[in-house]
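Please work through the following exercises on aromatic pairs, backbone angles and surface charge. Each task is followed by a solution in steps.

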Amino acid sequence: MRDRLTTLSVVLPVYNVAKWLEKCLDSIFQQTRPADEVIAVDDGSTDNSYEILSRYAKIHPQLKIIQQENQGLSVARNTGMDAVSGDYLIFIDSDDFIDKNMYSIMMNMVTCNKLDMAICNGWFYFENRAPNRLINHIGNSIVMPGKEWLKERLRSKEITHMVWMHIYKTRFIKREKFKFIPGQVHEDVIWTNQALIAAETIQYIDKPLYYYRIRQNRSGADQIRRSIEYVIPCSVTNTNILIDIANNIKQDSELAQLMRWQAVDSGFAVFHLIEKLSNKKSRIEQLNTLWNSNFFRLMWNNSTSINHKRKVIRLTIKKFLRLI
C-alpha cells in the first residue's frame with residue numbers, strides 16, 4: 001500500500017492534441033499508483049482539447065485545468081510547475097502515453113532512496129508504422145550524485161535530454177528555481193544539464209515506461225516551431241548556455257571539460273542545420289550572423305580535442321569559400 005502522505009503531481013501541457021489526448025489521459029488515470037494531482041495547462045488550444053479535459057475532470061477530481069493564451073511548451077510547463085502542490089513532480093506530453101506501472105516504479109525509487117531525481121527508459125513509438133525503438137541503451141545505475149551520472153553519460157557520449165522520463169522532488173526544483181526557457185526548441189537540454197548538476201542524489205532504471213509518439217503530421221504552429229529557421233537560433237542559444245554552465249563549474253575540471261565537449265558538439269549541429277537550408281542566400285546569411293556574433297571563435301576557444309578544432313577550421317574555410 002502506498003504512503004498516502006507522499007504525493008505526486010503531474011504536469012500536462014496541452015495544445016491541439018485532441019486526436020491523442022484521451023489515450024494520454026487514460027494512461028495517467030489507469031496507473032497502479034495513481035497521481036494525486038494532474039495539472040493540465042491548456043495552452044490556447046483551438047481544437048476540442050479543452051472539452052476533452054473538462055469531460056475527464058468531471059470523472060477525475062484530481063485533474064485541474066488551467067487555460068492560458070498560446071505561449072508555447074516551455075511556458076505551459078512553467079505554468080504547471082507553479083501550480084503543483086505534490087511532494088514529487090513528473091511531466092508528460094499530451095500526445096504521448098505511459099506504462100501503467102510508471103508512477104508506482106518511479107515513486108518507489110525516489111521515496112525509498114530519498115532521491116532528488118530519478119530517470120527511466122522509454123520507447124520511440126512510431127504509431128505502428130515501424131517497431132518501437134528503445135530511447136536509451138544503458139544499464140541500471142546505483143544511487144549517485146547527479147553530476148557523477150552526467151559525467152558517465154558524457155564520457156560515453158550517450159545522453160538524452162527528455163524531461164518526461166524524469167521524476168523530481170518538488171522541493172528540489174523550487175529550491176533551484178528551475179524554469180524552461182520560453183520559446184526555446186530542445187528546451188530539455190539546458191534543464192536536464194542544470195538538474196543533473198544540482199541533484200545530490202539520482203538513480204537511473206533501464207525500464208522503458210514512457211511512449212514518445214513520433215507523429216506523422218503536426219499542427220501548423222508545431223511545424224513552425226520545428227522548422228530549421230526556428231531551430232537554428234535556439235540551438236545557438238543552447239550552445240551558449242552550455243558554455244556558460246561549463247564556465248561556472250569551478251570544483252570539477254573534468255565535468256567542466258565534458259560540458260565544453262557537449263556545448264561544441266551542440267554547436268556543430270547548428271552548422272548541420274544550416275547546410276539543410278535549401279536557399280544558398282539563407283545559408284550565407286546564417287553563417288554571417290554566426291561569424292559576426294563570434295560563434296566561430298566561441299567554438300574554437302571551447303573545443304576540447306584536435307578533432308573538434310579541425311572541424312572548426314574546416315567550417316571556417318567553407319564559410320569564406322561559400323561551400324556550405
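The exercises below concern this predicted model.

**Exercise 1.** Classify the ring pair of Phe 97 and Tyr 211, and state where its members lie.

Solution. The structure holds 18 aromatic pairs. For Phe 97 and Tyr 211, the ring centres are 4.7 Å apart and the planes stand at 10°. Planes under 30 degrees apart count as stacked, so this pair is stacked. Phe 97 belongs to strand 5 and Tyr 211 to strand 9, so the pair ties together parts that are 114 residues apart in sequence. Phe 97 has a relative accessible area of 11% and is buried; Tyr 211, at 19%, also counts as buried.

**Exercise 2.** Classify the ring pair of Tyr 168 and Trp 191.

Solution. Here the centres are 5.7 Å apart and the planes at 85°. Planes over 60 degrees apart count as edge-to-face, so the pair of Tyr 168 and Trp 191 is edge-to-face. Tyr 168 lies in strand 8 and Trp 191 in helix 7, 23 residues apart. Tyr 168 is buried at 0% relative accessibility, and Trp 191 is buried at 1%. Both belong to one aromatic cluster, which includes Phe 91 and Phe 172.

**Exercise 3.** Is Asn 128 buried or exposed?

Solution. Asn 128 lies in the loop between strand 6 and strand 7. Its phi is positive, about 70°, although Asn 128 is not a glycine. Most residues other than glycine have a negative phi. Exposed means over 50% relative accessible area; Asn 128, with 69%, is therefore exposed.

**Exercise 4.** Which residues form the positive surface patch?

Solution. The patch consists of Arg 310, Lys 311, Arg 314 and Lys 318. Lys 318 is found in helix 13 and, at 32% relative accessibility, counts as partly exposed.

Terms used
Residues numbered from 1 in each chain as written. Predicted model: local features only at pLDDT ≥ 70, side-chain atom pairs only at ≥ 80, totals over all residues. Heavy atoms only, no water. Patch = residues over 30% accessible without salt bridge, like charges linked within 9 Å, V, L, I, M, F, W, Y side chains within 5 Å. Areas by Shrake-Rupley, 256 points an atom, 1.4 Å probe, with all protein chains shown as cover. Salt bridge = Lys/Arg side-chain N within 4 Å of Asp/Glu carboxyl O. Lys, Arg positive; Asp, Glu negative; His and termini not counted. Charge placed at Lys NZ, Arg CZ, Asp CG, Glu CD. Helix = DSSP H or I, 4+ residues; strand = E, 2+ residues; numbered from the N terminus. Buried < 20%, exposed > 50% of the residue type's maximum accessible area, 1.4 Å probe, protein only. Phe/Tyr/Trp six-rings, centres within 6.5 Å; stacked < 30°, edge-to-face > 60°.
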